[in-house]
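Please look over the chain below. The report that follows covers its fold, its aromatic pairs and its surface.

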Amino acid sequence: MTARSAKPATPRPARRPSTARRPRGGRTPGGPRGFHIRLRRAWDRPLTAYYLILGGSLLITVLGLVMVYSASQIKALQSGLAPTFFFRKQLLAAVLGGGLLLAASRMTVRLHRGLAYPLLAVSVFLMCLVQIPGIGVAVNGNQNWISLGGPFQMQPSEFAKLALVLWGADLLARKQDKRLLVQWKHLLVPLIPVAFLLLGLIMLGGDMGTAIILTAILFGLLWLAGAPTRLFVGVLGAATLIGALLIKTSANRMSRLACIGATDPGPGDQCWQAVHGIYALASGGFFGSGLGASMEKWGELPEPHTDFIFAITGEELGLAGTLSVLALFAALGYAGIRVAGRTEDPFVRYAAGGVTTWITAQAVINIGAVLGLLPIAGVPLPLFSYGGSALLPTMFAIGLLIAFAREEPAARAALAMRQPVFGRRQAGVRWKTMRRRVKKRPSGER
């Protein structure tokens, strides 16, 4: 036998040396790609929404206190009051609101749902009291306040926003559990009649700005409930028609509509406030004239610490300050949408979406009016403008979002891992660093 001749093996081509080194130990590569990966990982963490809501709302409130103090001093002195009068009232409201935020963030979803009907009943009762002579107080032509004695007043319509969010979310969640939202009558009744009741009581006092915010909350709830496009467009068209009729029949509202984009006060100075708001923003430049150095707050700009505090912010802190405020509201809105989108509880979805719609729509309407892009609606900037009646329910609503963000399964597990254990030692485990746990080695092992 002859041995088979072995076939020579084909030589493999040599590997080219790789120019990019693979990260050892799963480390993130450097450069722009590594920064993008780290940012994406941080953005996808389970506690991102929790920290955005908590940190963003606290930063807006603290910056708002600073700007209220700066913008209200001249107004207080012109009224014969102490320069810190408005600041002290706002600080007291912020402290009370902080207590409400903490309480709401620790309450269970079941307890939040239990507050829906009592809060709605109390809000309707108080808004009825506003229309009784001797009890209701008119401010700037709108009778929507109740005097609490001394310098303190309350605006019940601000609490109606929170009532509509909680009650509407509870109503839609119960109907969704019974699979009734596929029928138009269950989607509209009694949500639309109750919302129209609140809107009617608010419009009796002439406060169209708050009525617009309640309408936005109603549309947000209908959108989250999956209202058909025809139904949604029909309700939107009816609301637009009613709003146009109310504006057409009021000379004051028509003058506000005519001041959109105005650069001159016009005849009779009807656009004085809108134009001087633009003057304040334009004179701020990129970094502002300095905290407390505003010129428009010296009697030129009406309501510098309430509706037009964003204009004073632009004048004193410049474009950098206004963009910071916009970024904080954008982060708050994103976090609210994220909470509403990641939950499986229908009540949490509707309530988180309603609160996010409320705060975002009110911020857009206020800032749009200051920029001259929207008519002046007379609504404060949430968490930022002066006004305890607006601050208290808004901070409670922020507490709602924090509670919902904590209730996500991944967030709950992450928070449980971060809670320290005092007075107990875990068997076989010792803490070597703050980030990892290392098992104890048995004696004799090297």
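## The hairpin

Which residue in the turn between β1 and β2 has a positive phi? Asn-140 does, at about 55°. Two residues separate the strands of this hairpin. Strand β1 spans residues 136-139 and strand β2 residues 142-147. Their pairing is antiparallel, over four bridges; two strands pair if DSSP finds at least two bridges between them. Val-137 has Trp-145 in β2 as its bridge partner.

## Basis of the model

This is a predicted model: local features need pLDDT of at least 70, side-chain atom pairs count only at pLDDT 80 or more, and totals for chains, interfaces and linings use all residues. Residues are numbered from 1 along each chain as its sequence is written, and side-chain values use heavy atoms, with hydrogens and water left out.

## Overall fold

The protein has 16 helices and five strands. These are DSSP runs, numbered from the N terminus: helices are H or I of at least four residues, strands E of at least two. Of the 446 residues, 44% are buried. Buried means under 20% relative accessible area, exposed over 50%, and partly exposed in between (1.4 Å probe, protein chains only).

Take contacts between residues at least 6 apart in sequence: 69% join residues at least 24 apart. A contact means heavy atoms within 4.5 Å.

## Aromatic pairs

The whole structure holds six aromatic pairs. Rings of Phe, Tyr and Trp (its six-membered ring) pair if their centres lie within 6.5 Å; planes under 30 degrees apart count as stacked, over 60 as edge-to-face and the rest as tilted. Tyr-69 and Phe-87 are edge-to-face, because their planes stand at 65°, with centres 5.2 Å apart. Tyr-69 sits in helix α2 (residues 48-78) and Phe-87 in helix α3 (residues 85-106), 18 residues apart. Tyr-69 is partly exposed at 35% relative accessibility. Phe-87 is partly exposed too, at 22%.

Tyr-117 and Trp-167 also pair edge-to-face, at 6.3 Å centre to centre and 85° between the planes. This pair links helix α5 (residues 116-130) to helix α6 (residues 156-177) across 50 residues. Tyr-117 is partly exposed at 43%, whereas Trp-167 is buried at 3%. Elsewhere, Phe-85, Phe-86 and Tyr-386 form one aromatic cluster.

## Surface

The accessible surface comes to about 25,100 Å². Carbon and sulfur atoms account for 63% of that surface. Areas come from the Shrake-Rupley method with a 1.4 Å probe; for residues, only the protein chains shown count as cover.

Leu-326 lies in helix α13 (residues 309-342). Its relative accessibility is 36%, so Leu-326 counts as partly exposed.
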